[in-house]
Amino acid sequence: SVTPDSPLPVYLHALKTGGSSFSIALAQSFETNEIMENSCLSSSVQVGDAKNLDTAIIGFGHIGARQIFAYHSSANVSHMVSPITMVRDVFSQRASFFNQKVNKNIFPAPIDWIKSGAYNINYQLHHALAHHINSSKEITEALCGMEFVGINEKMEDSLCLFSYKFQRRAELLDSYRVEKDRKRREWTAEEIEVVKSKSHDEIQMVKFANDMFDVRVEAAKADIRKRIHVGQQMNWLCSKWAEEMNQRSEEFHPKINAKKERFMCNIDSKARDLW
């Protein structure tokens with residue numbers, strides 16, 4: 001039950017940061033009626049209605065921090081949810097975004113897009129932390145306040161840390177939407193300098209998130225070793241960390257076929273109409 005004292009963890013999916021793969025892991029780890037996704041999550045938040053969140057254990061969607069925190073501060077929506085997210089190296093995220101999301105008829109080359117007004121200067125920062133966060137101190141405090149921040153380039157460890165934090169085993173069993181042998185284009189010196197100048201805060205955010213992640217992983221592993229020492233059973237322990245600690249990993253049984261419809265949507269008509 002979602003209350004101010006027990007908020008719903010909501011994964012804020014910034015495009016091209018690995019969220020689709022993460023959603024597959026969630027789908028394989030949680031029952032269908034335990035996950036609230038996209039339109040149903042957005043509708044519940046949009047109308048500030050906590051009862052629509054009561055049957056979920058975790059939320060997932062493209063809804064951003066700005067929508068959660070800025071639109072409904074008076075409705076105490078920020079107390080209903082606890083944002084979690086995943087970040088990615090800024091240059092890799094931008095390259096992937098340009099390749100798959102940008103209209104090449106308008107912006108034939110990355111430099112055309114990066115220099116334009118269509119370029120989202122601090123995209124991951126704004127999506128995960130909200131527009132009103134500007135200073136380095138505010139950024140680090142906001143990240144530290146998140147229960148979970150994963151790293152795209154450290155996906156396996158990210159899922160292990162998620163499993164530890166929420167004590168629900170998450171494993172990535174396939175490479176859904178990951179292209180094999182994709183051709184990667186090197187950034188030009190000019191493109192790098194423009195991105196650095198325009199997205200400085202986001203670059204610093206990702207760097208801090210990586211440092212924080214490494215600290216959290218080491219702390220989690222230390223705690224798990226203590227639990228092993230006293231003989232505690234941990235059926236949520238991920239296979240990667242279990243192998244590192246010479247523990248037998250339980251066979252993982254996915255909840256459902258992740259490529260099928262996988263998320264609940266329990267919205268009353270009023271909420272749907274308002275949305």
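Let me start with the aromatics. Tyr11, Phe22, Phe148, Phe162 and Phe166 form one aromatic cluster. Keep in mind that this is a predicted model.

How many aromatic pairs does a search of the whole structure find? Eleven. I will take two of them, both with Phe22 as a partner.

Pair one is Tyr11 with Phe22. The two rings are stacked. Their centres are 4.6 Å apart, and the planes make an angle of 15°. Where do the partners sit? Tyr11 is in strand 1, residues 8-12, and Phe22 is in helix 1. So this pair ties together parts that are eleven residues apart in sequence. Buried or exposed, Tyr11 and Phe22? Both are buried.

Pair two is Phe22 with Phe162. This one is edge-to-face. Centre to centre we have 5.4 Å, with 90° between the planes. Here the link is between distant parts of the chain: Phe22 belongs to helix 1, Phe162 to helix 8, and 140 residues separate them. What about accessibility? Phe22 has a relative accessible area of 0%, so Phe22 is buried. Phe162 also counts as buried, because its relative accessibility is 0%.

That brings me to the helices themselves. Two packed helices are described by the angle between their axes and the distance between the axes. For helix 1, residues 19-29, and helix 8, residues 155-166, the angle is about 40° and the axes are 12 Å apart. Angles under 35 degrees would count as roughly parallel. Helix 1 and helix 8 are therefore oblique to each other. The crossing of helix 1 past helix 8 is right-handed.

Which residues make this contact? On the helix 1 side, Ser21, Phe22, Ala25 and Leu26. On the helix 8 side, Met155, Leu159 and Phe162. Sorted by class, the contact of helix 1 with helix 8 has six nonpolar residues, one polar and no charged. Phe22 and Phe162, our edge-to-face pair, are both in this contact.

Helix 4 covers residues 90-101, and helix 10 covers residues 200-229. Their axes come within 10 Å and cross at roughly 120°. What does that make the pair? The roughly perpendicular range runs from 65 to 115 degrees, and roughly antiparallel starts over 145. Helix 4 and helix 10 are therefore oblique to each other.

Now the contact residues. Helix 4 brings Val90, Phe91 and Arg94. Helix 10 brings Glu202, Ile203 and Val206. The residues of this contact of helix 4 with helix 10 divide into four nonpolar, no polar and two charged.

One more residue in helix 4: Lys101. Buried, exposed or in between? Lys101 is partly exposed, because its relative accessible area is 44%. Now look across to Lys16. Along the chain, Lys101 and Lys16 are 85 residues apart. Their C-alpha atoms are separated by 9.4 Å.

Last, the whole chain. There are twelve helices and five strands. The chain has 275 residues, and 48% of them count as buried. What about contacts over sequence distance? Take contacts between residues at least 6 apart in sequence. Of those, 77% join residues at least 24 apart. The link from Phe22 to Phe162, at 140 residues, is one case of distant parts coming together.

Key. Residues are numbered from 1 along each chain as its sequence is written. This is a predicted model: local features need pLDDT of at least 70, side-chain atom pairs count only at pLDDT 80 or more; totals for chains, interfaces and linings use all residues. Side-chain values use heavy atoms; hydrogens and water are left out. Axes are lines fitted to C-alpha atoms, for helices over the stretch in contact, and angles run from 0 to 180 degrees between N-to-C directions. Helices (H or I, at least four residues) and strands (E, at least two) are DSSP runs, numbered from the N terminus. Contact means heavy atoms within 4.5 Å. Ala, Val, Leu, Ile, Met, Phe, Trp, Tyr, Cys and Pro count as nonpolar, Asp, Glu, Lys and Arg as charged, and the others, Gly among them, as polar. A crossing is left-handed if the near helix is turned anticlockwise from the far one by less than a right angle, and right-handed if clockwise. Rings of Phe, Tyr and Trp (its six-membered ring) pair if their centres lie within 6.5 Å; planes under 30 degrees apart count as stacked, over 60 as edge-to-face and the rest as tilted. Buried means under 20% relative accessible area, exposed over 50%, partly exposed in between (1.4 Å probe, protein chains only).
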